[in-house]
Amino acid sequence: MLTYATYNIKGGVGKTSTAVNLAYLAAREGRRTLLWDLDPQGAATYIFRVRPRVKGGSQGLVSGRRPLEASLKSTDFENLDLVPADFSLRNLDLDLDDAKKRTRRLGQLLGTVATDYDVVVLDCPPGISLMSENVLHAADRLLVPLVPATLSLRTFALLTQFVADSDKPRPEVIAFFSMADRRKRLHRDVIDAGVGEGNRVASTVIPALSVIEQMAERRAPVGAFAPASRAAIAYEDLWAEVRP
Ligand SMILES: Nc1ncnc2c1ncn2[C@@H]1O[C@H](COP(=O)(O)OP(=O)(O)OP(=O)(O)O)[C@@H](O)[C@H]1O
Ligand SMILES: [Mg+2]
């Protein structure tokens with residue numbers, strides 16, 4: 001089982017769009033895939049047409065009263081399961097704080113389904129929290145979408161410091177530019193300047209494209225309703241760079 005997380009301290013940068021599309025692509029090539037929607041907003045859950053409810057809530061999961069297995073939902077796509085979001089996830093940090101291994105709990109829960117999946121994708125809410133610390137321990141690869149702007153890079157520097165300061169094992173950080181508009185000079189300049197030494201940045205750039213916004217209306221990954229679009233191809237290219 002290889003675990004990916006789409007993560008950024010910043011909101012609205014393309015984490016969910018990436019999680020949804022990469023999980024779809026992993027499943028499409030025959031890998032048993034699990035997408036865990038960790039954001040109480042439940043955007044990934046909505047796109048996959050699953051009811052945003054986990055019986056017992058996040059407290060039931062974290063306390064061990066309900067096994068993760070009981071929360072798994074299948075999607076319309078073969079090989080792709082989902083742990084839906086639940087509004088109680090807004091209290092996940094409090095629940096984790098009460099747990100025995102407060103920074104390892106998420107990884108422990110994933111361990112209980114490790115033999116059932118080849119790929120896990122965690123769709124994280126924005127911010128830095130106890131949940132994020134759990135994600136750092138649980139994930140093998142951290143996929144970080146960056147909107148090409150100066151402040152994004154400053155936040156990215158905080159993020160890499162946060163990872164460097166966390167206990168081992170640490171995930172590999174893979175940044176990539178998202179929502180990029182090559183017609184904007186600033187975007188071109190920031191992309192060309194890169195993200196700083198020692199950080200892996202994918203060569204694929206996800207452009208700003210309206211078909212990606214349409215995922216919420218179509219309630220499907222772009223590859224499912226616009227397979228020949230530039231957007232679908234961009235996510236395929238990104239997946240080719242980071243796949244197991
Ligand atoms: N490459 C793109 N081009 C155009 N629109 C995009 C692109 N990526 C994402 N969007 C749109 O931008 C909005 C935010 O994207 P998304 O939900 O993927 O970001 P997020 O980082 O998960 O946000 P949040 O922090 O709220 O969870 C959505 O409306 C989405 O459709
Ligand atoms: Mg999101």
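**Pockets, cavities and the ligand site of the predicted model**

The second largest pocket is lined by V50, R51, R53, V54, K55, R66, A70, S71 and K73, where a pocket is an open set of points, on a 1 Å grid over the protein atoms alone, with protein on both sides within 12 Å along at least five of seven lines, and lining residues have an atom within 4 Å of a point. The structure is a predicted model, in which local features need pLDDT of at least 70 and side-chain atom pairs count only at pLDDT 80 or more, whereas totals for chains, interfaces and linings use all residues. Residues are numbered from 1 along each chain as its sequence is written, chains are lettered from A and ligands numbered from 1 in the order in which they are written, and side-chain values use heavy atoms, with hydrogens and water left out.

About 160 Å³ of space lies in the second largest pocket, a volume being the space filled by probe spheres set on the grid points, which are joined across faces, edges and corners. Its lining divides into three nonpolar, one polar and five charged residues; in this classification Ala, Val, Leu, Ile, Met, Phe, Trp, Tyr, Cys and Pro count as nonpolar, Asp, Glu, Lys and Arg as charged, and the others, Gly among them, as polar.

The largest pocket has a volume of about 530 Å³ and is lined by 27 residues, of which G14, T16, S17, M179 and I212 lie nearest its centre. The elements that give two or more residues to this lining are α1, α2 (43-47), α9 and α10 (215-218), helices (H or I, at least four residues) and strands (E, at least two) being DSSP runs numbered from the N terminus. With four residues, α1 provides the largest share of the lining of the largest pocket, and by class this lining has 15 nonpolar, nine polar and three charged residues.

Ligand 1 sits in the largest pocket, in the sense that more than half of its atoms lie within 2 Å of the grid points of that pocket. The shell around ligand 1 holds 17 residues, the closest being G12, K15, T16, S17 and P207, where a residue is near a molecule if one of its heavy atoms lies within 4 Å of it. At least two residues of the shell are supplied by each of α1 (15-28) and α9 (210-213), and the largest share, three residues, comes from α1. The shell comprises eight nonpolar, six polar and three charged residues.

Taken alone, ligand 1 exposes 620 Å², of which the protein buries 78%, with accessible areas taken from the Shrake-Rupley method with a 1.4 Å probe and, for residues, only the protein chains shown counting as cover.

The structure also holds three cavities of 30 Å³ or more, a cavity being a set of grid points where a 1.4 Å probe fits but cannot get out. The largest cavity contains about 50 Å³ of space and is lined by W36, L38, S58, L61, V62, L89, L92, L106 and L109. Both α3 (57-63) and α5 (105-111) supply at least two residues of this lining, which by class has eight nonpolar, one polar and no charged residues. About 40 Å³ of space lies in the second largest cavity, whose lining residues are W36, D37, V54, S58, L61, V83, P84, D86 and L89. Here β2 (33-37) and α3 are the elements that give two or more residues, and the lining divides into six nonpolar, one polar and two charged residues.

Two backbone features were also found in loops. Most residues other than glycine have a negative phi, and most peptide bonds are trans. A cis peptide bond, with omega about -5°, joins K168 and P169, and P169 lies in the loop between α7 and β7 (172-177). N79, in the loop between β3 (73-74) and β4 (80-83), has a positive phi near 70°.
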